[in-house]
Amino acid sequence: MLDRLFHHAHVLTCGPRSWRTKLHAAARVILEVMQQGMTMRYVDPLLAGWHDVQEVAKTYWQVTLARTRVQHSLLTHFLQIYWPEFARYWRTSRSAQFITMRHAYPTPASITAVSCDEFVDAAWNVAGRKVAKRAWLSGVYARAQHSVALPIALESPAIAAFRMRLAFLDHRAQRAALEAQADALLGTNSDDHQRQTIPGIGPVFALTILAEAGDIRRVAHHRPFLKFCGLDLAKSQSGQQRGHEQLSKRGNNRLRAAFWYAGRIAVRSTEHSGRAKFERYLAAEPFSSVRRRKAYTATAAKMARITHAIIKTGRPYRGYFEHELPSGSIPLHRAVEAPAPS
């Protein structure tokens, strides 16, 4: 590495005068920054013991991305050709019953080849656990009778390719193995218990936070941590033109996505103060999609602040800590240490 740096420095010093001028200017800037103490500490993940954690987290991320790509191809291509009416039963990417049903009955013709009662008896175990399963299967049979799908034979190579694509969507075994590895790796971490007491943060999100952020104790305040996650507000300014404050998104995108999804899960629980924050954001415009997206962003930032606080203090999570104060919350004039307005 040093040989390569010396080689580049030799090329620059032997190059045109403009190159040498830029090299000298960059060296002066580096020396000035070092004299002012504006440096950033580099942590080697191999020496710190986070290399295995990072590899498992990144592998889980790649498995998720691959599953999402297959999901999009199914919803936008295969389902539109072979059975467009069945797309209404898609709920989540982890719907095992949906994958099993499509693999067993890829076309409407594979259902209408038998009577409704015979189909219900044959698909009873394939459909999984459902409320009013007989009525649901009867509805599937009725939609298969009036489907506008292409008349493709069940033994055709196109259906074989479609079933092969469905097999790529089913990553349950890979996810289960990675989640088991996450539990094993987090079991040796002292901060795992406090981190997983937060609603919405499970083994996978806890592993992602540990892999991307490392030891959060090295961050003195939650504001630099929010900036590292890209959850801080930034404003573009040029001359007399000033833009609006918006999310910077200049930090770690995986860490930001983990807190975003954890916040989406946390607002569903009534035992989390993030739900109250989410509802306060929606009180002004409850039907605005832009306002709802801002509320989810504020909840994600709150999840990041909570994670930083419990790791710094070493205490487990308490859902309504601000309600334990005498007045219910800290007044704004006390928070900024300014006199109260008259």
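Predicted model: local features only at pLDDT ≥ 70, side-chain atom pairs only at ≥ 80, totals over all residues.
Reader: Let's start with helix 4. At which residue does helix 4 bend?

Author: Helix 4 covers residues 51-82, so 32 residues in total, going by how helices are numbered here. From its first C-alpha to its last it reaches 44 Å, close to the 46 Å expected at 1.5 Å a residue. Still, there's a bend of about 40° in helix 4, and the residue where it sits is L74.

Reader: How is helix 4 placed relative to helix 12: roughly parallel, roughly perpendicular, roughly antiparallel or oblique?

Author: The two pack with their axes 9 Å apart, at an angle of about 125°. Roughly perpendicular stops at 115 degrees and roughly antiparallel needs over 145, so an angle between those counts as oblique. That makes helix 4, relative to helix 12, oblique.

Reader: And how many charged residues are in the contact of helix 4 with helix 12?

Author: Helix 4 brings V53, Q54, V56, A57 and Y60, while helix 12 brings V204, L207, T208, L210 and A211. Sorted by class, that contact has 8 nonpolar and 2 polar residues, and the number of charged ones is none.

Reader: What about helix 12 and helix 14: roughly parallel or roughly antiparallel?

Author: Helix 12 (residues 203-213) and helix 14 (residues 253-266) pack at about 155°, with axes 9 Å apart. Anything over 145 degrees falls in one class, so these two helices are roughly antiparallel.

Reader: How many nonpolar residues does the contact of helix 12 with helix 14 have?

Author: Helix 12 contributes residues including F205 and I209, and helix 14 contributes residues including L255 and F259. The contact also has 1 polar and 2 charged residues, and its nonpolar count is 9.

Key:
Residues numbered from 1 in each chain as written. Heavy atoms only, no water. Helix = DSSP H or I, 4+ residues; strand = E, 2+ residues; numbered from the N terminus. Expected span 1.5 Å × (residues − 1). Bend = angle between axes of the 7 residues up to and from the residue. Axes fitted to C-alpha atoms, helices over the stretch in contact; angles between N-to-C directions. Parallel < 35°, antiparallel > 145°, perpendicular 65-115°, else oblique. Contact = heavy atoms within 4.5 Å. Nonpolar A, V, L, I, M, F, W, Y, C, P; charged D, E, K, R; others polar.
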